Amino acid sequence: MEKGLLYPVTNQFRQDQKLDGIWDFKFDPEAKGEAKGWTTGFDDPIKMPVPASFNDFFTDKDSREYTGDFWYAKKFFVPTYMDGKKIQLRFGAATHRATVYVNGQEIRSHEGGFLPFTADITDAVKLGEENIVTLKMNNELHRDALPAGDTATLKNGKKMAKPFFDFYNYSGLNRSVHLLAVPQNNIYDYSTTYEVSEDQATVHYRVDATDGKDFKVSLSDEDGNVVATSEGQTGDLVVKNPTLWQVRDAYLYTIKFELLDAGKAVDEYADEIGLRTIEIKGHEILVNHKSVYLRGFGRHEDSIYAGRAFDLNVERRDMNLMKWIGANSFRSSHYPYDEQVYKFADREGILITDEVPAVGFKMAAASFLGGLNQSFFDGHWIDELYKKHIDQVKDMIKRDKNHPSVLAWSLCNEPDTSTDSAVPYFTKLFNDSKDLDPEKRPRTFTLNEDDTFETSKCLKFPDFYLLNRYPGWYHKWGYEISDGEAGLRAELDEWKNSDIDKPIVFSEYGADTEPGLHKLPSIMWSEEYQIELLDMFDRVFDSYDFIRGEQPWNLADFQTVEGNMRVNGNKKGIFTRDRQPKAVAFYLKKRWTSLPLDY
Ligand code: GCB
């Protein structure tokens, strides 16, 4: 678990410099990099862009599919004016595990390819000189790691990733690397909770520094006017006649903390926050005490060339597509995204269900690869996996808790909840995570097709339900779709007749669709069939008032492992991989722009 995960900033006390650009890169199939002295750099490097996944740059298959150890290296200069500060390297995402060396000195290791970590390099760097950072990374998949999978060794000795999940195992330094200088005594975390009414909002805050409890705190509006001030490590900021953060109508205030030592400022951190509350009441999701019906998508960080790398340009386009189509929400399926995604969503008033990379927790999910007939939660890997799982839940919540856009936490995608052995696992997970978010946002996980009202043994845990359902595609497909609809209704009738009164959001449903394939009457894979399938689901959604959201799979087509179920990736996108609309996008836009917010 990281001590603090504040987003890097430059101000009077702090400096943030990105080390993105061209790095040295080398595969290490024999895992002999350290023995060969690569901790101080290596010969014959491949020049590799950062941030990027290395895979799709290569034109040969061995390199693209490479699984095992690989190295990155870059020289960087540390100016003398950083003297006296704590000097850090912050990695936005190193997939999936990394050991950091500076000038040959081992600094730290980290596991978890979708969350940031910071290496304190103060004692390892030479001031006023060039230094070198090297990383030994590894992208193997294991059952005791997130996301879960296997690593196979082929007869020719090459390793191969066998994910228990449906997205390509893109690897590398997928997000920015920052060189930071922060004061020795620094602010490393803060959090806020809210009370709002028509004419007043109160921000309860808490701020933490390495040493000292003396703080000055202020809140400014978008015009830069200070609207409230306070002092101390915890306190309240009261705003009269506030402009609330509303769904698709965001307003951001700036909260500023100053750390004082003997009355003098020694550090400062400012961030944008939104005044709003989130609550679940009966089967309603409430933002600022008003009901919200979610419409939006499951997504991936995925694009051509750079794979899973965060790309500000792709994200800008995705946000615009979501606004154009009338979406108000998405799930960060199946891992926490780059922080800048949340900053965009904060600004646009889009709600996020933030998901930890706990995916593949079902042996049947390996079915694309042959299927394994065992309960995932009975596995010998479970204790080790749990440690990593809760660690990443803690870091995700620590990193993202101050974003107004974050609506809820998804603690797992499609775990096997139909076996008794899942119950102790989720009892512990929900207990251990209950106090991590000061805002106490709702927590949930998605339930796959096999985990129904009848079969799941874990329905008591989520505050609301996320259902992933594929009638019309993985079963009851084509001309049988009417039976698919009947089955869906039969399941929903069971929820309706139960004494459970919680919201249900459909977090996945959809049909693979080849753009440009037209057929009258429709056939699976045609653009016409995708519309018919969504229309079938929408008819069902409109019949049940406890369904409080629809998030079809997926915003855009994305890359997966190759296989007989996938034609160059998953094609359930409403948009193509290059972010152009399929016919269904116009259908959805019509529906979503005409539904009231609280539908
Ligand atoms: C699911 C998974 C998602 C897959 C999707 C599909 O249930 O959560 O990762 O991509 O189904 O299209 O098969």
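Mentor: Start with a term: a surface patch joins residues with over 30% relative accessible area and no salt bridge, like charges within 9 Å, nonpolar side chains (Val, Leu, Ile, Met, Phe, Trp, Tyr) within 5 Å. Accessible areas come from the Shrake-Rupley method with a 1.4 Å probe, and for residues only the protein chains shown count as cover. This is a predicted model: local features need pLDDT of at least 70, side-chain atom pairs count only at pLDDT 80 or more, and totals for chains, interfaces and linings use all residues. Residues are numbered from 1 along each chain as its sequence is written, and side-chain values use heavy atoms, with hydrogens and water left out.

Trainee: Which residues make the nonpolar surface patch?

Mentor: F57, I304 and Y305 make it, with an area of about 320 Å². I304 sits in the loop between β25 (294-298) and α2 (312-325). Helices here are DSSP runs of H or I with at least four residues, strands are E runs of at least two, and both are numbered from the N terminus.

Trainee: How do you know which residues come nearest to the ligand?

Mentor: A residue is near a molecule if one of its heavy atoms lies within 4 Å of it. There are 13 residues around the ligand, and D166, H334, E414, Y474 and K572 come nearest.

Trainee: What makes up the shell around the ligand, by class?

Mentor: It has 4 nonpolar, 4 polar and 5 charged residues. Ala, Val, Leu, Ile, Met, Phe, Trp, Tyr, Cys and Pro count as nonpolar, Asp, Glu, Lys and Arg as charged, and the others, Gly among them, as polar.

Trainee: How far is an oxygen atom of the ligand from the side chain of D166?

Mentor: A polar contact is a pair of N or O atoms within 3.5 Å; within protein, one must be able to donate a hydrogen and the other to accept it, and residues adjacent in sequence count only if both atoms are side-chain atoms. For D166, a side-chain N or O atom is 2.5 Å from a ligand oxygen. For E414, that distance is 2.4 Å. For N570, it is 2.8 Å. Taken alone, the ligand exposes 320 Å², and the protein buries 93% of that.

Trainee: What makes D538 buried?

Mentor: Its relative accessible area is 1%, so D538 counts as buried. D538 is part of helix α7 (residues 527-541).

Trainee: What contact does the side chain of D538 make?

Mentor: A polar contact with the side chain of R591, at 3.5 Å.

Trainee: How many salt bridges does the structure hold?

Mentor: It holds 56. A salt bridge needs a side-chain nitrogen of Lys or Arg within 4 Å of a carboxyl oxygen of Asp or Glu. Side chains of opposite charge can pair when their charged atoms come close.

Trainee: Why is the pair of E222 and R347 called a salt bridge?

Mentor: Their closest N and O atoms are 3.1 Å apart. E222 lies in the loop between β17 (215-220) and β18 (226-231) and R347 in helix α3 (residues 339-348), so the pair ties together parts that are 125 residues apart in sequence. E222 is partly exposed at 38%. R347 is partly exposed too, at 36%.

Trainee: What about E279 and K281?

Mentor: They form a salt bridge, with closest N and O atoms 4.0 Å apart. K281 is exposed at 52%, while E279 is partly exposed at 27%.

Trainee: How do you know whether R299 is buried or exposed?

Mentor: R299 has 1% relative accessibility, so it is buried. E315, at 4%, is buried as well. These two form a salt bridge, with closest N and O atoms 2.9 Å apart. The pair links distant parts of the chain, with R299 in the loop between β25 and α2 and E315 in helix α2, 16 residues apart.

Trainee: Why is α3 called mostly covered?

Mentor: Of its 10 residues, 8 are buried. Among them are V341, Y342 and F344. At the start of α3, a side-chain oxygen of D338 reaches to within 2.8 Å of the backbone nitrogen of Q340. After α3 comes G349, with a positive phi near 75 degrees.

Trainee: What makes P424 exposed?

Mentor: P424 has 53% relative accessibility, so it counts as exposed. It is in helix α5 (residues 422-432). The C-alpha atoms of P424 and F377 are separated by 9.3 Å, though the two are 47 residues apart along the chain.

Key. Buried means under 20% relative accessible area, exposed over 50%, partly exposed in between (1.4 Å probe, protein chains only).
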